[in-house]
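Visitor: I have a structure open and would like to go through it with you. Could you show it and take my questions in turn?

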Amino acid sequence: MSFLQSLTQRDRVFDFMAPQASPVDVRHGPILYMEDVTVSFDGFKAINNLNLTINDGELRCIIGPNGAGKTTMMDIITGKTRPTSGSVWFGSRHNLLHMNEPDIASLGIGRKFQKPTVFEALSVFENLELAMAADKRIFPTLTARMTGEIKDRIDDVLETIGLTALRHQPAGILSHGQKQWLEIGMLLMQRPRLLLVDEPVAGMTEQEMERTAELLTGLAGKQSVVVVEHDMGFVRSIARQVTVLHQGSVLAEGTMDQVSSDPKVIEVYLGADDEEAA
Amino acid sequence: MSLTTESSTNFWLTRPFSERSTQIFLGVLLAALALVTLLHVAVPPDNPLHVGAYTVNLFGKYLSYALLAVAVDLVWGYLGILSLGHGAFFAIGGYAMGMYLMRQIGDRGTYGHPVLPDFMVFLNWDSLPWFWHGFDMAWFAFAMVLLAPGLLALVFGFLAFRSRVTGVYLSIITQALTFALMLAFFRNEMGFGGNNGLTDFREIVGFDLRSDATRLGLFLATGVALALGYILCRAIVTSKLGRVSVATRDAEARTRFLGYRVERFQLFVFVVSAMLAGLAGALYVPQVGIINPSEFSPIFSIEIVLWVALGGRATLYGAVIGAILVNYAKTIFTGVMPDAWLFALGAMFVLVTVFLPKGVAGLFRYLKRRKREEQTTDPDHQHTSKEASA
């Protein structure tokens, strides 16, 4: 009987009839909400009672010493790691702990990995094409057509990331910085609501860093962006809100000036950084 | 590759026809088919240019191997799955065809039983095993040629890809698969004729298998199957799905992260490839007149991979070149020095790996690129090529 009923719900039976727009509900507050999240690997707590909220359209920087749990936190949000306890919500409708990686990705959470991984054998254009938000099941992918609309969209992103001239080159020949931008471009093609960017400027030259800062600040507002970064100069240049992680939980939160004058933060992180700089 | 991405011809199955490499491939293949047919039919047998029925038959065998190599290149070259067990799908397609041909013998077998094939009478079986039913009908048997290997690939691939088995582990499992099947098919109790396999075929859909005309027909049918299989594979690799496959090959985790269910794409391509291999086997069997468990042998599956490697991986036409070259060399060598063949194969493989790491197809590409570079250094051409790329 319930099967028959399900057949009458036409928009549920046929996936393609379901609305395509991102169903994330942010009317009641933040786009990402993590509460009391704990992850332990054999007793070691990589994340320890972490509470974090990201608002819609916000650009947030996450800093913290090595082993503070930054990467693990991203793994949890993207479904790669399951927390031992706690809850993670995307908008007020989606419990991310009940979803797998592809579902979370198609919901609108994009992640840029620390090491740029682009598809080296494919051209820059094709890399962006594959990343595009689209029906990613087998037959729609097999019969997918290249329309003017899609081409325009890819051209737009090529423009944003500054790789228009290299569109037909295989991604394998790009420089390190260019690969990072291509990765960010691939994220943008997914029309994400939330971008997770892991160490975007590691190994970049000064000019590349500036270009990346422009790119990321340009994205905020349209998307929520979470940046994990070690380079304090870079964080200072883009950050409005900074969260400091330490031993798997939040140590301090606020503007860059607020956190950098926080004695606890100075002790665990910035102090160490100053010593390194000295 | 990028040019096809943005080309305006957009229906996936017709996309290969706008590619230059496919046009050349199909042109050469059709010309070769026409030439062989002409030399066989129109040139009198005493003329040195005459192509005899034996040679036509031999070429037909090469073409079925070429189709098998295309199937392997599809999964290895574009999906990164090194299957060392594709001989299994080839053999199963062959057995499906063999079962049909056995049922066609009818009561003309040595024992004259109206239904049971000779080997079953010999084993004192009194009725047909359940899986032999239906194979007296051509449509059913021909459907099984595709469905039986497809089903095996579906079940095997589902389990392997779902558990995210990749790389050498997957290669080893495919090898084990074909080895296990070989052992099983060797057993008389399996009902596939044991180590003798299926043979003594007489006719296929009413045509006498021993007549020259039927041999020519089978040769041409194999050529057409190769052309269609090639077009299908090309259509797949030039589609967005093909680019997802390449992405999976190079960075599987990253592809999964873009929202593609990688294991389903792998399964789809694997099943298509297995069905093509089955079709190749089905065309092979009536031309050689026998199918036995040796087609399941791991060595044969490894040899297929060698053909593809020699011809050039991830080009499809390279697989065809490799399969034909190696098998032609094999025919010559086993005629001249039968014992030296494996050494020759090994030497060929070493030489190609050292001097032509991308196979024979890689040589073509290199020459083409050099020609283009020569053109661009020429100032007159430089201008036009810039315009073309803009």
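This is a predicted model: local features need pLDDT of at least 70, side-chain atom pairs count only at pLDDT 80 or more; totals for chains, interfaces and linings use all residues.

Visitor: Fine. What is the order of the strands in the open sheet of chain A?
Guide: The open sheet has 6 strands in the order β6-β7-β8-β3-β9-β10 (chain A), and the pairing is mixed.

Visitor: Which are the edge strands?
Guide: They are β6 (109–112) and β10 (249–254) of chain A, each of which pairs on one side only. On average, neighbouring strands of this sheet are turned by 20 degrees against each other, with direction ignored.

Visitor: In what sense do β6(A) and β7(A) pair?
Guide: β6(A) and β7(A), the latter covering residues 194–198, pair in the parallel sense over 4 bridges. As an example, Gly110(A) has Leu195(A) in β7(A) as its bridge partner.

Visitor: And which strands does helix α3 of chain A lie across?
Guide: Helix α3 (residues 70–77) of chain A lies across β3 (59–63), β6, β7, β8 (224–228) and β9 (241–246) of chain A. This helix runs at about 150 degrees to β7(A). Helix α9 (residues 206–219) of chain A also packs on the sheet, where it touches β3, β7 and β8 of chain A. The direction of α9(A) makes about 145 degrees with that of β8(A).

Visitor: Changing topic: how many residues of chain B are in contact with chain A?
Guide: There are 25 residues of chain B in contact with 26 residues of chain A.

Visitor: Which helix gives the largest share on the chain B side?
Guide: That is α9(B), with 7 residues. At least two residues each come from α1 (2–5), α9 (240–250), α10 (252–257) and α11 (262–288) of chain B. By class, this side of chain B has 12 nonpolar, 5 polar and 8 charged residues.

Visitor: Now, within chain B, at what angle do α3 and α13 pack?
Guide: Helix α3 (residues 53–77) and helix α13 (residues 317–336) of chain B pack at about 140 degrees, and their axes are 8 Å apart.

Visitor: Why is that called oblique?
Guide: Only an angle over 145 degrees would count as roughly antiparallel, so the angle of about 140 degrees makes α3(B) oblique to α13(B). The crossing of α3(B) past α13(B) is right-handed.

Visitor: Which residues make the contact?
Guide: Those of α3(B) include Tyr62(B), Ala66(B) and Asp73(B), and those of α13(B) include Ala323(B), Asn327(B) and Tyr328(B). By class, this contact has 12 nonpolar, 3 polar and 1 charged residues.

Key. Residues are numbered from 1 along each chain as its sequence is written. Chains are lettered from A and ligands numbered from 1 in the order in which they are written. Two residues are in contact if their C-beta atoms, placed from the backbone, lie within 7 Å. Ala, Val, Leu, Ile, Met, Phe, Trp, Tyr, Cys and Pro count as nonpolar, Asp, Glu, Lys and Arg as charged, and the others, Gly among them, as polar. Axes are lines fitted to C-alpha atoms, for helices over the stretch in contact, and angles run from 0 to 180 degrees between N-to-C directions. Angles under 35 degrees count as roughly parallel, over 145 as roughly antiparallel, 65 to 115 as roughly perpendicular and the rest as oblique. A crossing is left-handed if the near helix is turned anticlockwise from the far one by less than a right angle, and right-handed if clockwise. Two strands pair if DSSP finds at least two bridges between them.
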